[in-house]
Each structure stands twice: as C-alpha cells, then as structure tokens.
Amino acid sequence: MAQLPSVERARRRIGRHYYDRPEVRRTLAGLILRRIATTPPRKERSTETA
C-alpha cells in the first residue's frame with residue numbers, strides 16, 4: 001500500500017470508514033487545530049477595481 005499515491009490511499013481509507021474511528025478523529029482534530037494556531041495569518045489581497 002505504500003506504493004499508492006496519497007490520494008488513492010485516502011480514498012481507500014474513506015471507503016473503509018477509517019476516519020470514523022474516534023481515535024483517528026481526535027488525532028486529525030488536534031493536527032488541524034495545531035496548524036490553525038501556528039500558521040501566521042495571510043495578508044488579504046486588495047481587490048483592484050477598473
């Protein structure tokens with residue numbers, strides 16, 4: 001399974017309900033929250049009007 005592209009691995013995991021497991025959901029939530037907390041805010045692009 002290590003030879004498959006990451007998208008295909010994720011699709012197979014979704015099909016097997018891998019992400020429905022409580023410990024996996026907890027881990028993903030922690031990773032997402034950590035990324036949000038540590039990523040600096042992006043500067044908004046000003047929209048130019050013609």
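Glu8 is partly exposed at 27% relative accessibility, where partly exposed lies between buried (under 20% relative accessible area) and exposed (over 50%), using a 1.4 Å probe and protein chains only. Welcome to this predicted model, in which local features need pLDDT of at least 70, side-chain atom pairs count only at pLDDT 80 or more, and totals for chains, interfaces and linings use all residues. Residues are numbered from 1 along each chain as its sequence is written, and side-chain values use heavy atoms, with hydrogens and water left out.

**Overall picture**

- The chain has two helices and zero strands; these are DSSP runs numbered from the N terminus, with helices (H or I) of at least four residues and strands (E) of at least two.
- Of the chain's 50 residues, 2% count as buried.

**Salt bridges**

- The structure contains three salt bridges, each a side-chain nitrogen of Lys or Arg within 4 Å of a carboxyl oxygen of Asp or Glu.
- Glu8 pairs with Arg12, and their closest N and O atoms are 3.4 Å apart.
- Arg12 and Glu8 are four residues apart in helix H1, so about one helical turn separates them.
- Arg12 is partly exposed, at 36% relative accessibility.
- Another bridge joins Arg25 and Asp20 at 3.3 Å, N to O; Arg25 is partly exposed at 49%, and Asp20 is partly exposed at 43%.
- Glu23 and Arg21 meet at 3.0 Å, N to O; Glu23 is partly exposed at 36% relative accessibility, and Arg21 is also partly exposed at 36%.

**Around the tyrosines**

- There is one aromatic pair, under a rule that takes rings of Phe, Tyr and Trp (its six-membered ring) with centres within 6.5 Å, calling planes under 30 degrees apart stacked, over 60 edge-to-face and the rest tilted.
- The ring centres of Tyr18 and Tyr19 are 5.2 Å apart and their planes stand at 85°, so this pair is edge-to-face.
- Tyr18 is partly exposed, with a relative accessible area of 30%, and Tyr19 is partly exposed at 24%.
- Arg13 lies over the face of Tyr18, 5.0 Å from the ring centre; this label needs NZ of Lys or CZ of Arg within 6 Å of the ring centre and within 35 degrees of the ring normal.

**The loop residue His17**

- His17 sits in the loop between helix H1 (6-15) and helix H2 (22-38).
- Although His17 is not a glycine, its phi is positive, at about 60°.
- Most residues other than glycine have a negative phi.
- His17 is exposed, with a relative accessible area of 51%.
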